Amino acid sequence: MIPATFDYAAPTSVEEALSVLAEAGDDAKVLAGGQSLLPILRMRLNAPEKVVDLGRVEALRGVRDGGDHIAIGSMTPYSEVVGNALVQEHAGLLAKAVETVADPQIRHRGTVGGALVHADPAGDVGAPVLALDATMVVVGPGGERTVGAGEFFHDLFETAVADGELLTEIRIPKHTGWGSAYEKFVRVSHQWSIVAVAATVKAEGGTITEARVGLTNMGSTPLRATAVEQALVGKGTADLADACAAAAEGTNPPSDLNGDADYRRHLATVLTRRAVQHALGG
Amino acid sequence: MTAVDDRPTTSPEIGSARRRKEDQRLITGRTKWTDNIQLPGMLHLAMVRSPFAHAKIASIDTAEASAAPNVVRVFTGHDIADIQGVNITAWPISPDQKTPDHLPVPLERVSHTGEIVAVVVARSAAAARDAAELVDVDYEELPAILDLKEAANDAVLAHPDLGTNKSAFWQLDSAAQGSGGDVGEAIEKARQDGIVIEREYRQQRLIPAFMEPRSTVVDPTGEQVVMYSATQVPHILRFCIAATTGLPESKIRVIAPDVGGGFGGKLQSTPEEFATLAVARKLGKPCKYTETRSESMISAHHGRDQWQKLTLTAEKDGTVTGLKVDLMADLGAYAAIVGGGVPVLGAWMFNAIYKFPAYQFNCTTYYTNKTWVDAYRGAGRPEATFAIERLMDELAAEVGVDPLEIREKNWIKHDEFPFTSVAGMTYDSGNYEAATARAKELFGYDELRAEQKQRRESGDPVQLGIGVSTFTEMCGLAPSRVLGSLDYGAGGWESASIRMLATGTVEVITGASAHGQGHETAWSQIVADRLGVPFENVEVLHGDTQIAPKGMDTYGSRSLVVGGEALVRAADKVIEKAKKFAAHSLEASVDDIEFSAGQFTVRGTDKGVGISDLALAAFAAHDYPEDVEPSLDADATFDPVNFSFPHGTHLCAMEVDTETGATKMRKYVCVDDIGNIINPLIVEGQVHGGLVQGIAQALWEGAEYDEQGTLVSGSFVDYTLPTAADTISFVTDHTTSPATSNSLGTKGVGEAGTIASTPAVVNAIVDAVRDRGIDDIEMPCTPERVWKAIQSAGGRQGAGVTPTQQPHFDEGTPNQDPSAGTTDGAVQ
C-alpha cells in the first residue's frame, strides 16, 4: 500500500494554501484529515502530483459562536465536533450524526470539512448539514463566497468547491431547543451508512411545528426530504408513519452488497419515522 | 540445593489463568515479524497480478519497468521456470483426482484474478511498486467459470486441459464400511411412514483475514537458504520447497518468526513464498515480499464455499433413521495443500452427536476461476455442524417439539461412551446432558421462550428467536495411520524436546509452530508442573526448522492434544534420566528414588536433590553414573491413536427487527466440554475469538465476485469483518469429560467456538420468523435477506419463499422421489 510519488506542501495559512493550490493547478489534491484521501492514494486509485496538507492551518480549526449561527472550521475533527458544547446545544443533529462516523481513531483524524468536500453520499456529515440549512464558506483566488448547503452538493464526489478553492467554514443557523436524531443503518459499526436519516424537529406540546429531514446514501448526493418535512408539521408521535411514507420519493439509491435500491427505499421510510420519533423524544 | 529447588510448594500451574508470557511483545509489536526483518543488501519485491479471472498470457513487456529507477530486474515465470517449484496438494482425495499444475508464477495462462504474472525486484518497496505498474502484460481473455453449480456442467472450463471442472469424488457409506445401515433403505422407508427433511444449504466463501498480512524474506547468501515467512507451517513449507524446487531439504531453513494469526489462512505453501525464493536464488541477494491487504484478499486462500444437499430421515416421533449428505465443494482455481481434504473432513462430523443408524457422505470437488480454497478455522467441521444443527431444528419444527427435545431424543447418552459413530469414529468421552443442562440454566431458556411467545402474540415488530447448537467436532489432527488410509501426504505426529540447562532454566522445543495461540504460556505451565520448575524458568522455542527440527505445525486444534502430549512424554523421559543421576548422587538404588515437585528423594528418608542440581551435575559431568550419557535432555514424538472430540451446547437469542430485517444478538451462552483445561484464560480467548468468527459467518462475512471474476468484497469496506463494537459479552462455561486419548485429558479448543456458533445464530434468526413460513435464510443473514424473506413469506405458513430459501431436489437426483409427496415439508 504505497502511493505513487507526489509533492507535498504544508501551508500554515489559508492564503498560503490558496497560492500553493493556484501554482499547482488541477493536479493538486487537498489533504484534510486524510481518512478518505490516503486510502485512495495508497490503493493508487488517484495519483495527484501535489498534496496540499491543511493540517497546519490552525485558523481552520475550531467552533465559534457567530451570534445567530455557530461556525465550524472546516478542519475541525469529528471528535471535537461531537464533544463541542456549542454544537451540542445549537446543532445537536450534527453532533449525533458525527458520533456515528466509523470508529474513534477515524473520528480523531477525520474532519467535517474534509468529509463535506469529499462528498461521499454515504458519509454522515452531508445529511445533517443539509437538514440544518447550513451555509458553506468557500474561499478562492477571487475571494470569499458563501454557498447554501442545498447548492453545495453537485454529484457523487462533486461539490461547489472548485479546483483552487477551499471550504473554510460551515455556518449552521442555531437550532436551539430543537430535538434531533440520526438513524444510521449499518451491518457492522465501522461501516459507511447503508442508509441514514437525519431529522431535527421543533415541537410544541408534542406537536411538530417545524421539521428538517436529510437522507444519507439515497442518491448521488445527500438529499433533503422536503415533502416529509412539510407533511410532518402538525403531527405528533402517534401519527408519523403516513407523513414519513414519502421519505424515499424522488430518490435514486444505489444497489450493492448491503442492499438493493428497493430495500434502501424501504429503509428510508422506516428510519425516517424512527428518527422523527426519537427527535420528539420518543 | 539451590533456591529454585527450595521454593515452597505452590499451587499447580495447570489450571491457572496465567496471563500469556508472549503478550507483552506481541501486543506492543516490539518483536520480530517477518516484515520487520532487514538484511544487508536486501531487495524488495512487488508482484504484477492478473486483473482477469482466466486469460492466456500472450506476452509480457518488462522493458519499461526494468528501466525504471532503482529497479534491479523484472522476472516472468519463464525466467524462474527452472527453479520456481510447484505449489503442491498434500491430499489427493481420490486416486483419479484431477489436479492442475500450480506454478507459483504461471507461464502460459492465469486461472484466477490476482494470480502473479511477473515479479519486480527493486531497491525499495516503493520503487518496486511504482515499476510494477509499468509492466505491460498482453492478456487474451478466456471464458471464466465462476459459479460452483455451473462448474459442474463443464460448459466453461477452469482449466481447459483437464477436460472437466470436476476434481474428485469421495464417499463414505456406512453400509459399505460396515459401521451402519443403508441410507437408501432408510430414505425409502421414511417416505412411506416417516419424515424426510430435504434441504440445501449454502456455505458462502469466506476470507480468513488474519491480522498480519503474509510476508516472506529469503536469504540465499549462506550455505543454507533461509526463508523467513509469516506461516503457520514452517516444517511443511520446508518439505514442499525441498520436494519441488531442487533444493535439498538439508539446505533449507524455514523460520516463522512471530506470526500475527492465520486461522488456517497461513496453512499453505504459497506462490508468493516460492516466487520470492526463486528470485532471491537467481539474484543471490536477500529479498523481501510483503503483501498488501488487497493482495491478501485476492490471492491468499479462501475458506468454505460449498453447496450442501441434505436428506435427513426420521420416524414420526422424531427418532432419526438416516442422513445422506451430498456436497459440492469449490476448490477455486487450484487444489491447495489440503484442498479437497477440507470438505472431506466433514465426512465424520455430519452425523455429529446423534445416533443415526444409516449414513452416507458424498463430496465432489470442482475447479472454478476464483481464488483457491483451503482450510479456514474449523475446516470441514463448521460446514458439517452447520448442516446437521440446522437440520435438527427443521426436524424439531416438523415434529412440533422444542429443538432441544429432538436433540436429546437422538444424542449419545453420557453412559454410552466410548461410542463408535455411524461414520466409524470412536468418541472417547462426553456428556451432552450435562453441558445442555448448564447452558439452559445460564441462558434462562424458559424465560426467553416465554418472552418469544409474548412478542409473537403481541405482534411486536421486534421478534425473538432462540438458536441451539449441540455440537461436537473432531480435532487434534491426527493419527498418522488414519491420515495414511486417507492418502494424506504426511503424518499427524508432533515432536517435543526438553533441554535442562546448566543454570536452572529449561528450554522446551515444540514442533507446533504457534502464531498467536499462547503455546509459550501453556507449554510452560505443563513443563513447570511436570518437572517441578518455576513457570518463569521455562522458555518455549518454536517456529524455526533449525531450532525445532521436527514438527507438524499448528492447525486443526492439534497443538495441545498432540504437541502437549509429546511434551509430557519428553518431560517423563527427563525425569527417568534424572533418576539415575539422583540415585548416583544420593547413593541409593534407582528403584528407591521418588520424584515430586522438582525433588528426587530416597524413599523413606529425608535425603533429596533438586532437578536443577542434577541438570548442573549432568552439565559439569564430573561425577555421574557410568552407564548413562551426561545429559538429562530428552526428545519425544507422539502420534495420537485417536482424534479429540470436544463438544458443547451453544444457545443464542437473536432479536429480529421485522421492519428492517436487522438482527441483534441478545444473549449467547456456551458450555463447552474440552476436557481438562491447562489455562482458563487462554481457553476463554480461544472461545470468544472463535465465537466471533463463527457468528461472523452467520451475519457478516462473505466473499463476493462479480460476473468478470473480480472480488467485489476485496477490501474491508465491503468484506464486513466485525469488531468488538458489533458483538456482545458472551457467557461461557465448561463441563469436563477428560479425553482418554492423551494423558493430560485435554481436548482441542482452537476451533470449537467457530464450529459451534454459526448454526446457533442462524437457527435463532430462523426461529424468530419461522411462524411466518420461513425455514432458511442464506448466509450471511444480512438485514436485506432477512427482510426480503419476511416480505416474500407474507406471514403465511410455508408460502412464497424463494427457491433458494426452501429448495427441493432436482428430479433424477438419487434421493429424490417426486412421487413421494410432501412428507419432507418442502414445497414441490
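How many residues does the contact take from chain A, and how many from chain B? The contact takes 16 residues from chain A and 22 residues from chain B, where two residues are in contact if their C-beta atoms, placed from the backbone, lie within 7 Å. On the chain A side, helix α12 (residues 261-279) gives the most, with three residues. By class, that side of chain A has ten nonpolar, five polar and one charged residues. For the classes, Ala, Val, Leu, Ile, Met, Phe, Trp, Tyr, Cys and Pro count as nonpolar, Asp, Glu, Lys and Arg as charged, and the others, Gly among them, as polar.

Okay, some housekeeping. This is a predicted model, so to speak of a local feature we need pLDDT of at least 70, side-chain atom pairs count only at pLDDT 80 or more, and totals for chains, interfaces and linings use all residues. Residues are numbered from 1 along each chain as its sequence is written, while chains are lettered from A and ligands numbered from 1 in the order in which they are written.

On confidence, the predictor gives the complex an ipTM of 0.96 and a pTM of 0.95. Chain B averages a pLDDT of 94, and 95% of its residues score at least 70; pLDDT is the predictor's confidence in each residue, from 0 to 100. Over residues 795-808 of chain B, though, the pLDDT is below 50, and this stretch has 32 contacts in the model beyond near neighbours in sequence. Residues 810-828 of chain B also stay under 50, with 26 contacts beyond four places in sequence.

Now chain A. It is divided into domain 1 (7-55), domain 2 (63-173) and domain 3 (179-279), with bounds that come from an automatic or database domain assignment. The centres of domains 2 and 3 of chain A, taken over C-alpha atoms, are separated by 20 Å. Their contact takes 21 residues from domain 2 and 21 residues from domain 3. On the domain 2 side, α8(A) gives the most, with five residues, and the residues of that side divide into 13 nonpolar, four polar and four charged.

Let's zoom in on Gln35(A). Its place is in the loop between β2 (28-31) and α2 (37-42) of chain A. Is Gln35(A) buried or exposed? Buried, because 21 other C-beta atoms lie within 10 Å; the cut-offs are 20 or more for buried, 12 or fewer for exposed, and partly exposed in between, with C-beta atoms placed from the backbone. Not counting residues up to four places away in sequence, Gln35(A) touches Ile106(A), Arg109(A) and Gly110(A).

Over to chain B, which is divided into domain 1 (23-31 + 493-638) and domain 2 (42-143 + 208-299). Here the domain centres are 39 Å apart, taken over C-alpha atoms. In the contact, 15 residues of domain 1 of chain B meet 19 residues of domain 2 of chain B. That domain 1 side divides into three nonpolar, ten polar and two charged residues.

Last stop, helix α11 (residues 381-399) of chain B. Its 19 residues should span 27 Å at 1.5 Å a residue, and its end C-alpha atoms are 27 Å apart, which agrees; the expected span is 1.5 Å times one less than the number of residues. 17 of the 19 residues of α11(B) are buried, so the helix is largely enclosed by the rest of the structure. Just after α11(B), Gly400(B) takes a positive phi of about 85 degrees.

Note on methods:
Helices (H or I, at least four residues) and strands (E, at least two) are DSSP runs, numbered from the N terminus.
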